[in-house]
Amino acid sequence: MTVLGFLIVCLGISLITATENTICTLDLGLLVDTTRSIEEENIPTVKAALQHLVQKFDISTDGTHVSFETFAAKSKLHNKFNNDTYHSKEAVLDLISDSINKLTQPTRLDFALKTAKEHMFTEESGLRPGVRSAMVLYTDGRSYPGSEDFFLDVVALKVIPSTWKFSKTFPD
């Protein structure tokens, strides 16, 4: 079984943990690697990890807003912070369940970070002034060798990276 690596990237000074339910208001961006290196057998683990994290937040119109992106050869922004269809925990959980089913190649982390910078974490997408924002990047490896340098995208997002590796299945 492949050990999945998960990278929590916090914007500004925000740091989140999923050890207990949180009542903080947050704009939470989820970026998920959907490449073949994840391996089909690990899709349930990736979904469970995402769902476990999402369940720890009060997702609502006045609470946490979630924007969700998947990436492989291209990146796809499934929803934005200001899409009120996804201002409920159930809707976000359904989006995660329905969006991660097919794995492709290659891993273009550069496209994912560019989409996050230019389309996810913007006021036009519903990023709220005065509300903390955090980006959680789920990936198992490196970007495709032909990828563009994404260092400036990381700098623009003002990230503080942390990495965890695990091979545990999360409860439903």
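Pro106 sits in the loop between α2 (89-99) and α3 (109-120); helices (H or I, at least four residues) and strands (E, at least two) are DSSP runs, numbered from the N terminus. The peptide bond from Gln105 to Pro106 is cis, with omega near -10 degrees. This is a predicted model: local features need pLDDT of at least 70, side-chain atom pairs count only at pLDDT 80 or more, and totals for chains, interfaces and linings use all residues. Residues are numbered from 1 along each chain as its sequence is written, and side-chain values use heavy atoms, leaving out hydrogens and water.

Another loop, between β2 (26-33) and α1 (43-54), holds Glu39. Phi of Glu39 is near 75 degrees, a positive value in a residue other than glycine.

Next comes α1. Of its 12 residues, 11 are buried, so α1 is largely enclosed by the rest of the structure. Buried means under 20% relative accessible area, exposed over 50%, partly exposed in between (1.4 Å probe, protein chains only). Among the buried residues of α1 are Ile43, Leu50 and Val54.

The largest nonpolar core has 26 residues. Such a core is a set of buried Ala, Val, Leu, Ile, Met, Phe, Trp, Tyr and Cys residues joined through side-chain atoms within 4.5 Å. Two or more residues each come from β2, α1, β3 (65-71), α2 and β5 (132-139). The most come from α1, with six residues. Leu50 and Ile96 are among the residues with the most contacts inside this core. Apart from this core lies another, of 11 residues, including Leu31, Leu109, Met135 and Leu137.
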